[in-house]
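Colleague: I would like to learn how to read some features of a model, beginning with the packing of helices. Could you take me through them one by one?

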Amino acid sequence: MLFIPQGFIAPPIAELDDTDKDLDVNILAVLPTKCKIASVVQGASYFALSHRVEAILGDGTKKTYFLKDLKGDIGKDMAKGEFEGLKALHAIIPSNTPQPIPHGTYAKDPNRHFFLCDFHEMKDDMSSTERSVAAVAELHEKSDSLTGKFEFHCTTHAGNHPMQTSWCESWEEFFSRQLREVVELAAGPSSLACAMAICGMEMWVWMWRLMNQICTIRVRDMHTTSEPVEDYDDRIALYALRNNITVSAQWPHNKSTRKLAIEEMRHLVAKYPNGIDGFKG
(Lines give C-alpha, C1' and ligand atoms only; values in the text may rest on other atoms or scores of the structure.)
Protein backbone atom coordinates (compact mmCIF):
# COMPACT_ATOMS: atom_id res chain seq x y z
CA MET A 1 0.00 0.00 0.00
CA LEU A 2 1.00 3.62 -0.49
CA PHE A 3 2.92 5.06 2.49
CA ILE A 4 2.02 8.63 3.48
CA PRO A 5 4.37 10.11 6.13
CA GLN A 6 2.83 11.49 9.28
CA GLY A 7 2.37 15.25 9.01
CA PHE A 8 2.13 15.27 5.22
CA ILE A 9 -0.20 18.04 4.05
CA ALA A 10 -1.99 17.28 0.80
CA PRO A 11 -2.56 20.11 -1.68
CA PRO A 12 -6.13 21.46 -1.85
CA ILE A 13 -8.36 20.57 -4.78
CA ALA A 14 -9.52 23.80 -6.39
CA GLU A 15 -13.01 24.16 -7.81
CA LEU A 16 -13.30 24.54 -11.57
CA ASP A 17 -14.94 27.79 -12.60
CA ASP A 18 -17.35 27.92 -15.52
CA THR A 19 -14.65 29.11 -17.95
CA ASP A 20 -12.50 26.02 -17.27
CA LYS A 21 -15.23 23.40 -17.62
CA ASP A 22 -14.73 23.62 -21.38
CA LEU A 23 -11.18 22.99 -22.59
CA ASP A 24 -9.30 25.81 -24.29
CA VAL A 25 -9.29 25.67 -28.09
CA ASN A 26 -5.51 25.22 -28.18
CA ILE A 27 -5.82 22.11 -26.01
CA LEU A 28 -8.57 20.73 -28.22
CA ALA A 29 -6.36 21.40 -31.26
CA VAL A 30 -3.72 18.87 -30.13
CA LEU A 31 -6.29 16.14 -29.43
CA PRO A 32 -7.41 13.68 -32.15
CA THR A 33 -9.82 14.95 -34.80
CA LYS A 34 -13.52 14.58 -33.94
CA CYS A 35 -12.62 14.02 -30.29
CA LYS A 36 -15.44 14.94 -27.89
CA ILE A 37 -14.87 15.84 -24.24
CA ALA A 38 -17.11 13.89 -21.86
CA SER A 39 -15.85 15.34 -18.57
CA VAL A 40 -13.05 17.30 -16.90
CA VAL A 41 -12.24 16.39 -13.28
CA GLN A 42 -10.04 18.59 -11.10
CA GLY A 43 -7.19 16.98 -9.14
CA ALA A 44 -4.66 18.09 -6.51
CA SER A 45 -1.18 19.40 -7.27
CA TYR A 46 1.32 21.73 -5.60
CA PHE A 47 2.70 23.56 -8.63
CA ALA A 48 -0.08 23.34 -11.21
CA LEU A 49 -3.77 22.69 -11.64
CA SER A 50 -4.24 19.06 -12.66
CA HIS A 51 -7.15 17.55 -14.54
CA ARG A 52 -8.39 14.16 -15.62
CA VAL A 53 -9.96 14.59 -19.05
CA GLU A 54 -12.40 11.93 -20.25
CA ALA A 55 -12.82 11.95 -24.02
CA ILE A 56 -14.62 9.98 -26.72
CA LEU A 57 -12.68 9.58 -29.96
CA GLY A 58 -14.19 9.75 -33.40
CA ASP A 59 -14.60 5.97 -33.61
CA GLY A 60 -16.41 5.86 -30.26
CA THR A 61 -13.37 4.69 -28.26
CA LYS A 62 -13.05 6.15 -24.75
CA LYS A 63 -9.74 7.83 -23.98
CA THR A 64 -8.44 9.47 -20.80
CA TYR A 65 -5.85 12.25 -20.70
CA PHE A 66 -3.86 13.93 -17.92
CA LEU A 67 -3.74 17.73 -18.16
CA LYS A 68 -1.58 20.20 -16.24
CA ASP A 69 -2.43 23.90 -16.17
CA LEU A 70 0.54 26.15 -15.29
CA LYS A 71 0.94 29.93 -15.06
CA GLY A 72 3.57 32.51 -16.02
CA ASP A 73 6.94 32.20 -17.72
CA ILE A 74 8.09 29.57 -15.22
CA GLY A 75 4.94 27.56 -15.96
CA LYS A 76 5.67 27.72 -19.67
CA ASP A 77 9.20 26.42 -19.09
CA MET A 78 7.92 23.70 -16.75
CA ALA A 79 5.43 22.48 -19.36
CA LYS A 80 8.18 22.30 -21.98
CA GLY A 81 10.63 20.58 -19.64
CA GLU A 82 8.12 17.94 -18.60
CA PHE A 83 7.10 17.31 -22.19
CA GLU A 84 10.68 16.98 -23.44
CA GLY A 85 11.71 14.82 -20.49
CA LEU A 86 8.76 12.47 -20.82
CA LYS A 87 9.27 12.28 -24.58
CA ALA A 88 12.88 11.18 -24.04
CA LEU A 89 11.81 8.52 -21.53
CA HIS A 90 8.89 7.31 -23.64
CA ALA A 91 11.15 6.83 -26.64
CA ILE A 92 13.18 4.28 -24.64
CA ILE A 93 10.66 2.63 -22.29
CA PRO A 94 7.21 3.29 -23.84
CA SER A 95 5.46 0.56 -21.87
CA ASN A 96 6.49 2.19 -18.58
CA THR A 97 5.69 5.82 -19.35
CA PRO A 98 2.62 7.73 -20.60
CA GLN A 99 2.55 9.03 -24.15
CA PRO A 100 3.28 12.79 -24.10
CA ILE A 101 1.15 15.12 -26.21
CA PRO A 102 2.39 18.55 -27.38
CA HIS A 103 2.41 21.25 -24.72
CA GLY A 104 1.28 24.80 -25.46
CA THR A 105 -0.30 28.08 -24.34
CA TYR A 106 -3.98 28.86 -23.76
CA ALA A 107 -5.64 30.86 -26.52
CA LYS A 108 -7.84 32.70 -24.01
CA ASP A 109 -4.96 33.59 -21.68
CA PRO A 110 -1.32 33.90 -22.84
CA ASN A 111 -0.20 33.68 -19.20
CA ARG A 112 -1.51 30.12 -18.87
CA HIS A 113 0.18 27.07 -20.31
CA PHE A 114 -0.59 23.36 -20.50
CA PHE A 115 1.05 19.97 -20.59
CA LEU A 116 -0.93 16.97 -21.80
CA CYS A 117 -0.25 13.23 -21.79
CA ASP A 118 -2.07 9.91 -21.60
CA PHE A 119 -3.67 9.23 -18.23
CA HIS A 120 -2.41 6.16 -16.37
CA GLU A 121 -4.42 4.90 -13.42
CA MET A 122 -2.07 4.51 -10.45
CA LYS A 123 -2.32 1.66 -7.96
CA ASP A 124 -1.40 1.70 -4.29
CA ASP A 125 0.38 -1.65 -4.58
CA MET A 126 4.09 -1.64 -5.34
CA SER A 127 5.27 -3.15 -8.61
CA SER A 128 7.42 -6.27 -8.34
CA THR A 129 11.13 -5.72 -7.78
CA GLU A 130 12.04 -7.60 -10.95
CA ARG A 131 9.74 -5.52 -13.17
CA SER A 132 10.85 -2.20 -11.68
CA VAL A 133 14.55 -2.99 -11.85
CA ALA A 134 14.20 -4.38 -15.39
CA ALA A 135 12.56 -1.15 -16.59
CA VAL A 136 15.30 1.06 -15.14
CA ALA A 137 18.00 -1.27 -16.43
CA GLU A 138 16.47 -1.05 -19.91
CA LEU A 139 16.41 2.75 -19.69
CA HIS A 140 20.07 2.82 -18.67
CA GLU A 141 21.24 0.35 -21.30
CA LYS A 142 19.33 1.87 -24.23
CA SER A 143 19.90 5.57 -23.48
CA ASP A 144 22.99 7.19 -24.92
CA SER A 145 24.72 10.54 -25.33
CA LEU A 146 25.66 11.47 -28.86
CA THR A 147 28.67 13.42 -27.62
CA GLY A 148 29.65 11.32 -24.60
CA LYS A 149 28.85 14.24 -22.30
CA PHE A 150 26.14 14.63 -19.68
CA GLU A 151 23.23 17.01 -20.20
CA PHE A 152 19.60 17.45 -21.13
CA HIS A 153 18.80 19.65 -24.08
CA CYS A 154 16.30 21.88 -22.27
CA THR A 155 15.77 23.09 -18.72
CA THR A 156 13.94 20.75 -16.36
CA HIS A 157 12.65 21.66 -12.94
CA ALA A 158 12.82 20.65 -9.31
CA GLY A 159 9.26 21.47 -8.40
CA ASN A 160 9.02 24.98 -9.82
CA HIS A 161 12.74 25.70 -9.64
CA PRO A 162 14.79 25.46 -12.87
CA MET A 163 17.75 23.10 -12.65
CA GLN A 164 21.04 23.36 -14.51
CA THR A 165 21.16 20.74 -17.25
CA SER A 166 23.85 22.19 -19.53
CA TRP A 167 26.77 20.13 -20.85
CA CYS A 168 29.27 18.62 -18.44
CA GLU A 169 32.33 16.60 -19.36
CA SER A 170 31.75 14.00 -16.65
CA TRP A 171 28.93 12.53 -14.57
CA GLU A 172 30.77 13.59 -11.39
CA GLU A 173 30.71 17.22 -12.53
CA PHE A 174 27.04 17.07 -13.56
CA PHE A 175 25.85 15.43 -10.35
CA SER A 176 27.97 17.52 -7.96
CA ARG A 177 26.74 20.73 -9.63
CA GLN A 178 23.11 19.75 -9.06
CA LEU A 179 23.81 18.53 -5.53
CA ARG A 180 25.41 21.87 -4.61
CA GLU A 181 22.43 23.69 -6.08
CA VAL A 182 19.98 21.54 -4.13
CA VAL A 183 21.85 22.07 -0.85
CA GLU A 184 22.04 25.83 -1.38
CA LEU A 185 18.36 26.14 -2.21
CA ALA A 186 17.28 23.85 0.63
CA ALA A 187 18.77 26.38 3.04
CA GLY A 188 16.33 29.03 1.77
CA PRO A 189 12.62 29.34 0.97
CA SER A 190 12.92 27.91 -2.54
CA SER A 191 11.24 24.62 -3.35
CA LEU A 192 12.74 21.57 -4.99
CA ALA A 193 11.96 18.22 -6.62
CA CYS A 194 13.78 15.74 -8.83
CA ALA A 195 15.39 16.94 -12.05
CA MET A 196 15.87 14.80 -15.11
CA ALA A 197 19.20 13.85 -16.60
CA ILE A 198 20.76 11.07 -18.65
CA CYS A 199 22.81 9.31 -15.99
CA GLY A 200 24.28 6.08 -14.68
CA MET A 201 22.21 3.16 -13.43
CA GLU A 202 23.20 3.72 -9.80
CA MET A 203 21.44 7.10 -9.73
CA TRP A 204 18.14 5.22 -9.77
CA VAL A 205 18.95 2.60 -7.15
CA TRP A 206 18.30 4.88 -4.15
CA MET A 207 14.55 4.36 -4.75
CA TRP A 208 14.81 0.65 -4.04
CA ARG A 209 17.31 1.21 -1.26
CA LEU A 210 14.69 3.21 0.59
CA MET A 211 12.02 0.60 -0.13
CA ASN A 212 13.89 -2.55 0.74
CA GLN A 213 17.49 -3.75 0.89
CA ILE A 214 16.42 -6.83 -1.07
CA CYS A 215 15.80 -4.62 -4.08
CA THR A 216 19.34 -3.29 -4.01
CA ILE A 217 20.65 -6.84 -3.93
CA ARG A 218 18.42 -7.67 -6.91
CA VAL A 219 19.81 -4.69 -8.82
CA ARG A 220 23.30 -6.05 -8.26
CA ASP A 221 22.20 -9.41 -9.65
CA MET A 222 20.75 -7.82 -12.79
CA HIS A 223 23.28 -5.07 -13.42
CA THR A 224 27.08 -4.96 -13.32
CA THR A 225 28.33 -2.73 -10.49
CA SER A 226 30.46 0.19 -11.61
CA GLU A 227 33.99 0.61 -10.31
CA PRO A 228 35.15 1.16 -7.67
CA VAL A 229 32.95 -1.59 -6.27
CA GLU A 230 34.01 -0.98 -2.66
CA ASP A 231 32.20 2.36 -2.39
CA TYR A 232 29.06 1.24 -4.24
CA ASP A 233 26.79 1.57 -1.19
CA ASP A 234 28.15 5.01 -0.38
CA ARG A 235 27.52 6.22 -3.92
CA ILE A 236 23.92 5.06 -3.57
CA ALA A 237 23.75 6.93 -0.25
CA LEU A 238 24.98 10.09 -2.00
CA TYR A 239 22.29 9.81 -4.69
CA ALA A 240 19.66 9.17 -2.01
CA LEU A 241 20.92 12.25 -0.17
CA ARG A 242 20.21 14.52 -3.11
CA ASN A 243 16.67 13.25 -3.39
CA ASN A 244 16.01 13.43 0.35
CA ILE A 245 17.25 17.03 0.55
CA THR A 246 15.11 17.87 -2.46
CA VAL A 247 11.94 16.35 -1.03
CA SER A 248 12.61 17.83 2.40
CA ALA A 249 12.91 21.32 0.93
CA GLN A 250 9.84 20.80 -1.23
CA TRP A 251 7.65 19.50 1.60
CA PRO A 252 9.17 20.81 4.87
CA HIS A 253 6.37 19.21 6.90
CA ASN A 254 7.77 15.81 5.92
CA LYS A 255 10.15 15.48 8.87
CA SER A 256 11.01 11.85 8.12
CA THR A 257 12.71 12.76 4.84
CA ARG A 258 14.75 15.52 6.50
CA LYS A 259 15.82 13.02 9.13
CA LEU A 260 16.96 10.60 6.42
CA ALA A 261 18.99 13.36 4.75
CA ILE A 262 20.70 14.31 8.01
CA GLU A 263 21.52 10.67 8.78
CA GLU A 264 23.02 10.16 5.31
CA MET A 265 25.15 13.30 5.63
CA ARG A 266 26.45 12.28 9.05
CA HIS A 267 27.29 8.81 7.75
CA LEU A 268 29.16 10.09 4.70
CA VAL A 269 31.02 12.85 6.57
CA ALA A 270 32.12 10.40 9.25
CA LYS A 271 33.36 7.89 6.69
CA TYR A 272 34.99 10.45 4.37
CA PRO A 273 36.10 13.35 6.61
CA ASN A 274 38.63 14.49 3.99
CA GLY A 275 36.25 14.18 1.05
CA ILE A 276 37.42 12.72 -2.23
CA ASP A 277 41.07 13.42 -1.34
CA GLY A 278 40.83 10.95 1.51
CA PHE A 279 39.19 8.16 -0.50
CA LYS A 280 41.43 5.12 -0.97
CA GLY A 281 39.80 3.37 -3.91
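Colleague: At what angle do helix H7 and helix H8 pack, and how far apart are their axes?

Modeller: Two packed helices are described by the angle between their axes and the distance between the axes. In this predicted model, helix H7 (residues 232-250) and helix H8 (residues 255-271) pack at about 145°, and their axes are 8 Å apart. Axes here are lines fitted to C-alpha atoms, for helices over the stretch in contact, and angles run from 0 to 180 degrees between N-to-C directions; helices themselves are DSSP runs (H or I, at least four residues), as are strands (E, at least two), numbered from the N terminus. H7 and H8 cross in a left-handed sense, meaning that the near helix is turned anticlockwise from the far one by less than a right angle.

Colleague: Which residues in H7 and H8 meet?

Modeller: Contact means heavy atoms within 4.5 Å. The residues that meet include Leu238, Leu241 and Ile245 in H7, and Leu260, Ala261 and Leu268 in H8.

Colleague: How should I treat the numbering and the confidence values?

Modeller: Residues are numbered from 1 along each chain as its sequence is written. Local features need pLDDT of at least 70 and side-chain atom pairs count only at pLDDT 80 or more, while totals for chains, interfaces and linings use all residues, and side-chain values use heavy atoms, with hydrogens and water left out.

Colleague: Is Thr165 buried or exposed?

Modeller: Buried means under 20% relative accessible area, exposed over 50%, and partly exposed in between (1.4 Å probe, protein chains only). Thr165 counts as buried because its relative accessible area is 6%, and this residue sits in the loop between strand S7 (161-163) and helix H4 (171-186). The side chain of Thr165 reaches the backbone oxygen of Cys154 at 3.1 Å, a polar contact being a pair of N or O atoms within 3.5 Å, where within protein one must be able to donate a hydrogen and the other to accept it, and residues adjacent in sequence count only if both atoms are side-chain atoms.

Colleague: How many disulfides does a search of the whole structure find?

Modeller: A disulfide is a pair of cysteine sulfur atoms within 2.5 Å, and the search finds zero. Cys154 is buried at 9% relative accessible area, and Cys35 is buried at 16%.
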